[in-house]
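The account below takes them in turn.

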Amino acid sequence: QVQLVESGGGLVQAGGSLRLSCAASGRNLRSYGQGWFRQAPGKEREFVAAINRSDGRTSYVDSVKGRFTISRDNAKNTVYLQMNSLKPEDTAVYYCAADLEGDWARGYWGQGTQVIVSS
């Protein structure tokens, strides 16, 4: 059974930074694509960032490009999301996920960590 546990969320002022961590247990996820999603109040969950399982290539939603960085430490079975220059519109619950054969819906999900950015 794979478990993903996020940490690092909190309250920060606009312009500040946070680093989210997602620790996996139960299986080493280095052969999985991993990513971050977020869901703001009243909105659908949206993709934020992902890191490719084979070559480490990264992808981001346009709204966070240049501000967020996803990375992974395979030895620690942990994926990170460094968030800089935070904006109030980044306020959401952030979820980490690991895909299953490229399918997020069939993969593994954490319980989420709250990020609140005050103006």
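Predicted model: local features only at pLDDT ≥ 70, side-chain atom pairs only at ≥ 80, totals over all residues.

A disulfide is a covalent bond between the sulfur atoms of two cysteines. By the distance rule applied here, the count comes to one disulfide. C22 sits in strand β3 and C96 in strand β9, so the bond links distant parts of the chain, 74 residues apart. The torsion about the S-S bond of C22 and C96 is about 50°, and the disulfide is therefore right-handed. Both C22 and C96 are buried.

Strand β3 also belongs to a sheet. Strands of a sheet pair through backbone hydrogen bonds, either parallel or antiparallel. Here four strands form an open sheet in the order β1-β3-β8-β7, and the pairing is antiparallel. The edges are taken by β1 (3–7) and β7; each has a single partner strand, so one side of each is left without a neighbour in the sheet. From one strand to the next, the twist averages 15°.

Five bridges hold the antiparallel pairing of β1 and β3. Leaving out residues up to four places away in sequence, V5 touches S21, C22 and A23. V5 and V117, by contrast, are 112 residues apart in sequence and 21 Å apart in space, C-alpha to C-alpha.

The next topic is the nonpolar core. Which residues touch the most other members of the largest nonpolar core? They are W36, L81, M83 and Y94, out of 28 residues in that core. Two or more residues come from each of β3 (18–25), β5 (46–51), β7 (68–73), β8 (78–83), β9 (92–100) and β11 (113–118). Beyond its neighbours within four places in sequence, Y94 is in contact with residues including W36, L81 and M83. The contacts of Y94 also include E6 and L20, as well as F37, R38, V48 and F68. Further along the chain, Y94 is in contact with G112, T113 and V115.

Strand β9, which holds C96, has a further pairing. β9 and strand β10 (residues 103–109) pair in the antiparallel sense over three bridges, and A97 stands opposite W109 in β10. These two strands, β9 and β10, form a hairpin with two residues between them. In the turn, E101 has a positive phi of about 55°.

W109 leads on to the aromatic rings. The structure holds four aromatic pairs. One of them is formed by F37 and W109, with 4.8 Å from centre to centre and 55° between the planes, a tilted arrangement. F37 lies in strand β4 (residues 34–39) and W109 in strand β10, so this pair ties together parts that are 72 residues apart in sequence. Are F37 and W109 buried or partly exposed? F37 counts as buried because its relative accessibility is 9%, under the 20% limit. W109 is partly exposed, with a relative accessible area of 27%. Ring pairs link F37 and W109 with F47 and W104 into a cluster.

Terms used. Residues numbered from 1 in each chain as written. Heavy atoms only, no water. Core = buried A, V, L, I, M, F, W, Y, C linked by side-chain atoms within 4.5 Å. Buried < 20%, exposed > 50% of the residue type's maximum accessible area, 1.4 Å probe, protein only. Contact = heavy atoms within 4.5 Å. Disulfide = S-S within 2.5 Å. Pairing = 2+ DSSP bridges. Axes fitted to C-alpha atoms, helices over the stretch in contact; angles between N-to-C directions. Phe/Tyr/Trp six-rings, centres within 6.5 Å; stacked < 30°, edge-to-face > 60°.
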